Amino acid sequence: MKWVGPLLWGALILIPAPSPGAQSAELAVVVLEGGGALNSIDARRAREPVVRVERGGSPVAGAVVHFILPARGPGGSFANGEMSYTATTGEDGIVKARGLRPNRTAGAFEIRVTASHGGETASAIVRQTNVASAEDRGGRSRKYLWLGVIGGAALGGALAAVLGGSETSAAPRPGVVPAGGTTVSPGTPNLGPPN
């Protein structure tokens with residue numbers, strides 16, 4: 001039985017080692033577009049993810065690819081409000097998840113991508129972030145500031161019309177009761193020492 005060890009060692013030497021540039025023949029999903037995208041909540045625009053299904057570096061036609069969005073939190077929807085999108089790769093092995101729109105929740109999220117072909121499956125993650133654009137946030141802030149200024153001026157004018165002016169008026173008005181509960185009557189003001 002001393003010959004078994006050298007025999008096995010010799011067999012291992014005859015098995016060719018894979019070359020450093022050789023690629024795996026397993027099914028793989030490669031993200032081409034959409035990874036790291038910033039989607040505009042205000043404009044309701046998102047970067048549609050694009051992936052390629054390949055085996056050993058070659059495109060795989062006829063692979064079924066599913067794109068799945070998160071059910072809660074930041075994310076979005078595809079056409080008709082669907083949370084998933086399914087398509088089949090063409091000759092180039094490429095699929096684009098069409099109709100992606102961000103929801104109204106800001107933050108990072110993941111789109112899960114799974115592909116199947118010939119009994120094999122592969123998966124990938126496309127990470128994106130929903131954001132409200134700084135320009136839109138600034139414009140909205142300015143709009144609310146102007147609404148506040150206009151509303152304050154309108155409220156001040158309405159109060160002045162109802163109350164007959166401000167408390168700093170030089171001439172007293174008939175029937176106006178100042179905060180102290182004193183009735184002011186028309187006539188000549190009497191300025192003298194306190195009673």
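Visitor: Helices (H or I, at least four residues) and strands (E, at least two) are DSSP runs, numbered from the N terminus. Where is Arg44 found?

Guide: Arg44 sits in the loop between β2 (37-40) and β3 (50-55). This is a predicted model: local features need pLDDT of at least 70, side-chain atom pairs count only at pLDDT 80 or more, and totals for chains, interfaces and linings use all residues. Residues are numbered from 1 along each chain as its sequence is written, and side-chain values use heavy atoms, with hydrogens and water left out.

Visitor: What phi does Arg44 have?

Guide: Arg44 has a positive phi of about 60°, although it is not a glycine. Most residues other than glycine have a negative phi.

Visitor: What is the relative accessible area of Arg44?

Guide: It is 25% for Arg44, which means partly exposed. The cut-offs: buried is under 20% relative accessible area, exposed is over 50%, partly exposed is in between (1.4 Å probe, protein chains only).

Visitor: And Asn80, where does that lie?

Guide: Asn80 is in the loop between β6 (76-77) and β7 (84-88). Asn80 also has a positive phi of about 60° without being a glycine. Asn80 is exposed, with a relative accessible area of 78%.

Visitor: New topic, the open sheet. What is the strand order?

Guide: The five strands run β2-β11-β10-β5-β7, with mixed pairing. The edge strands are β2 and β7, and each pairs on one side only. Two strands pair if DSSP finds at least two bridges between them.

Visitor: Do β2 and β11 pair in what sense, parallel or antiparallel?

Guide: Parallel: β2 and β11 (residues 120-131) pair over four bridges. Asn39 stands opposite Asn130 in β11.

Visitor: On to the largest nonpolar core. Which residues touch the most other members?

Guide: Of its 21 residues, they are Val29, Val53, Val65, Phe67, Ile111 and Val113. At least two residues of this core come from each of β1 (27-33), β3, β5 (64-68), β10 (107-117) and β11. β10 gives the most, with four residues. A nonpolar core is a set of buried Ala, Val, Leu, Ile, Met, Phe, Trp, Tyr and Cys residues joined through side-chain atoms within 4.5 Å.

Visitor: What does Val113 touch?

Guide: Leaving out residues up to four places away in sequence, Val113 touches Val29, Val51, Val65, His66, Phe67, Ala122, Ser123, Ala124 and Val126. Contact means heavy atoms within 4.5 Å.

Visitor: How many salt bridges does the structure hold?

Guide: Six. A salt bridge is a side-chain nitrogen of Lys or Arg within 4 Å of a carboxyl oxygen of Asp or Glu.

Visitor: Which side chain does Arg55 meet?

Guide: Arg55 meets Glu120 in a salt bridge, at 2.8 Å from N to O. This pair links distant parts of the chain: Arg55 is in strand β3, Glu120 is in strand β11, and they are 65 residues apart. Arg55 is partly exposed at 26%, and Glu120 is partly exposed at 29%.

Visitor: What about Arg112, what does that bridge to?

Guide: Arg112 forms a salt bridge with Glu110, with the closest N and O atoms 3.6 Å apart. Arg112 counts as partly exposed, at 48% relative accessibility. The side chain of Glu110 also meets that of Arg127 in a salt bridge (3.4 Å, N to O). Arg127 in strand β11 and Glu110 in strand β10 are 17 residues apart, so the pair links distant parts of the chain.

Visitor: Which residues end up in one network?

Guide: Glu110, Arg112 and Arg127, joined by salt bridges that share partners.
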